[in-house]
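Please consult the sequence and coordinates alongside the text.

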Amino acid sequence: MMRAKLYLETFGCQMNVLDSELVLGQFCACGYEPVGERDQADVILYNTCSVREHAEQKVWSRLGELRERKTADPGLVIGVIGCLAERDGANLFRRYPYVDILCGPSELDKLPGMVRNATVTSGRQSALMGRSGSRRSSTLDAAEDKLEMLDLSRSVSPSDERTQAYVRITRGCNKFCTYCVVPYTRGAEVHRPPQNVIDEVRKLADAGVTEVTLLGQTINHYAYDHGDGRVTTFAGLLYQIHEAVPHLARLRFVTSFPRDFTNDALAAMRDCPRICRYLHAPAQHGSDRVLRLMNRGYAAGQYVEFIDRAREYMPDVCIASDFIVGFPTETDEEYAQTADLLRRCRFKNSFIFKYSPRPGTVAMDRFADDVPESVKRSRNNDLLGVQQEICGEENRKMIGKKVEVLVEGQSKLVSRKGGGGGATVELGWEKPAAATQGQLVGRTRGDQVVVFDGPASLKGKLIDVAIVDAKSLTLFGHREE
Ligand code: SAM
Ligand code: SF4
């Protein structure tokens with residue numbers, strides 16, 4: 001019998017990348033064949049992002065392209081899954097009547113059944129959490145949670161030859177920053193049982209994975225209540241993974257919330273040699289007034305105190321941040337405070353976004369989007385310039401040093417992506433002066449990009465590289481034999 005062919009395209013953050021991996025695993029287990037070309041597929045799924053309007057527009061245009069094909073081939077199944085499906089709900093069906101399936105991030109375990117039903121009945125299928133279900137209890141026992149089963153179903157094998165993998169430790173978010181859709185699309189914060197996380201990390205390391213990135217929207221808030229008086233904290237989880245999986249070379253985590261980052265977690269990073277000294281801790285803004293409007297729960301001074309404290313524990317820690325420019329009512333002076341904060345903290349990298357009003361958020365309901373697009377653009381470019389200057393200065397300090405690099409593969413001109421939970425920004429990646437065949441790219445423990453010459457067979461290996469040159473986004477080096 002012919003296997004049905006499935007095409008799955010992913011937009012947005014690391015959480016979505018992980019969700020897509022789990023969804024694909026489910027479909028493969030049900031006998032589907034994954035394909036890389038949309039035109040060959042019987043089932044087309046888009047795993048979507050809703051954090052900024054721009055991310056949604058990409059999906060709208062993909063769906064528009066499918067209109068004719070669906071008319072010619074009514075048996076084709078088209079599904080929109082993830083945050084946009086959850087946010088737009090029935091509107092999406094109205095706008096694109098030929099879409100068969102809507103499935104929110106909290107309902108992904110239902111997806112294979114929905115596709116099967118859509119194939120048999122040609123009827124529309126929808127599984128959304130909706131506003132009523134969005135505030136599940138944070139004490140929900142994740143072991144009983146259907147989504148936990150999806151994470152636990154993950155299949156990995158040494159033949160996959162994987163180097164890096166994501167492991168979720170927390171779902172959802174309870175912060176309700178006024179600009180952000182995530183608490184509505186992914187629901188309340190739920191912490192996974194530590195043993196499940198440890199088992200998953202061990203399974204990946206057993207299969208040859210070198211680097212695991214733990215995921216959570218406010219990852220340092222992790223606290224698993226065992227129900228018998230014991231609580232596993234974030235620091236406790238880091239120590240436990242480090243000890244229980246000694247054959248994992250690198251453990252990192254994103255995204256850190258700047259408030260409540262306790263010293264025990266900094267000590268765990270300092271004391272455990274295989275935990276990368278890398279923090280992605282978005283500041284979002286440098287003005288206390290704007291931070292209050294954003295409902296971030298800290299003042300700029302408290303943010304700086306956290307960064308100083310982290311550097312006291314680990315002078316070599318690499319820190320990255322996110323910023324939003326053009327938040328409603330932001331003045332020139334307040335924008336200047338953001339640039340000052342960036343200069344003061346000297347981040348390794350910053351993901352910079354123009355404010356995008358999101359339907360359903362408090363900011364969109366309460367504040368007019370009153371900073372003109374041209375002003376947003378100019379503040380965005382200015383802040384990028386400030387960050388690039390710092391990147392250049394910091395990267396030049398690396399010349400003459402030896403770094404450990406995890407080889408990702410052949411170097412090509414790509415965009416840099418990053419940022420916890422949906423932060424992706426195209427920063428561009430400088431092409432080295434004389435690009436040659438055999439040029440490899442990898443990352444340091446601090447997530448710095450390194451380009452150097454070497455054979456493709458080094459992919460997935462940890463090697464030492466001596467840094468000989470630096471640009472603002474890239475380090476260049478020679479392999480140490
Ligand atoms: N949980 C992480 C945190 O609190 O820092 C980040 C998650 S969020 C999905 C990723 C980034 O997208 C945020 O740090 C923020 O800078 C940006 N972002 C979120 N909503 C936005 C909006 N409405 N407009 C522009 N940028 C936004
Ligand atoms: Fe949660 Fe981060 Fe969004 Fe704030 S920005 S609501 S912490 S996901």
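This is a predicted model: local features need pLDDT of at least 70, side-chain atom pairs count only at pLDDT 80 or more; totals for chains, interfaces and linings use all residues.

Strand β13 spans residues 250–254, and five of its five residues are buried, so the strand is largely enclosed by the rest of the structure. In a regular strand, side chains alternate between the two faces of the sheet. Both faces of β13 are covered: one side carries Arg-250, Arg-252 and Val-254, the other Leu-251 and Phe-253, and all are buried.

Strand β10 (residues 211–215) runs parallel to β13 and is joined to it by five bridges. Within this pairing, Arg-252 of β13 has Thr-213 opposite.

## Ile-198 in helix α10

Helix α10, residues 194–206, contains Ile-198. The relative accessible area of Ile-198 is 3%, under the 20% cut-off, and the residue is therefore classed as buried.

Leaving aside residues up to four places away in sequence, Ile-198 is in contact with Gln-240, Ile-241, Ala-244 and Val-245. The C-alpha atoms of Ile-198 and Ala-244 are 7.3 Å apart, although 46 residues separate the two in sequence.

Five cavities of 30 Å³ or more are present in the structure.

By class, the lining of the second largest cavity comprises six charged, four nonpolar and two polar residues. Helix α8 (residues 146–152) makes the greatest contribution to this lining, with three residues.

Technical notes: Residues are numbered from 1 along each chain as its sequence is written. Chains are lettered from A and ligands numbered from 1 in the order in which they are written. Side-chain values use heavy atoms; hydrogens and water are left out. On a 1 Å grid over the protein atoms alone, a cavity is a set of points where a 1.4 Å probe fits but cannot get out, and a pocket is an open set with protein on both sides within 12 Å along at least five of seven lines; lining residues have an atom within 4 Å of a point. Grid points are joined across faces, edges and corners, and a volume is the space filled by probe spheres set on the points. Helices (H or I, at least four residues) and strands (E, at least two) are DSSP runs, numbered from the N terminus. Ala, Val, Leu, Ile, Met, Phe, Trp, Tyr, Cys and Pro count as nonpolar, Asp, Glu, Lys and Arg as charged, and the others, Gly among them, as polar. Buried means under 20% relative accessible area, exposed over 50%, partly exposed in between (1.4 Å probe, protein chains only). Two strands pair if DSSP finds at least two bridges between them. Contact means heavy atoms within 4.5 Å.
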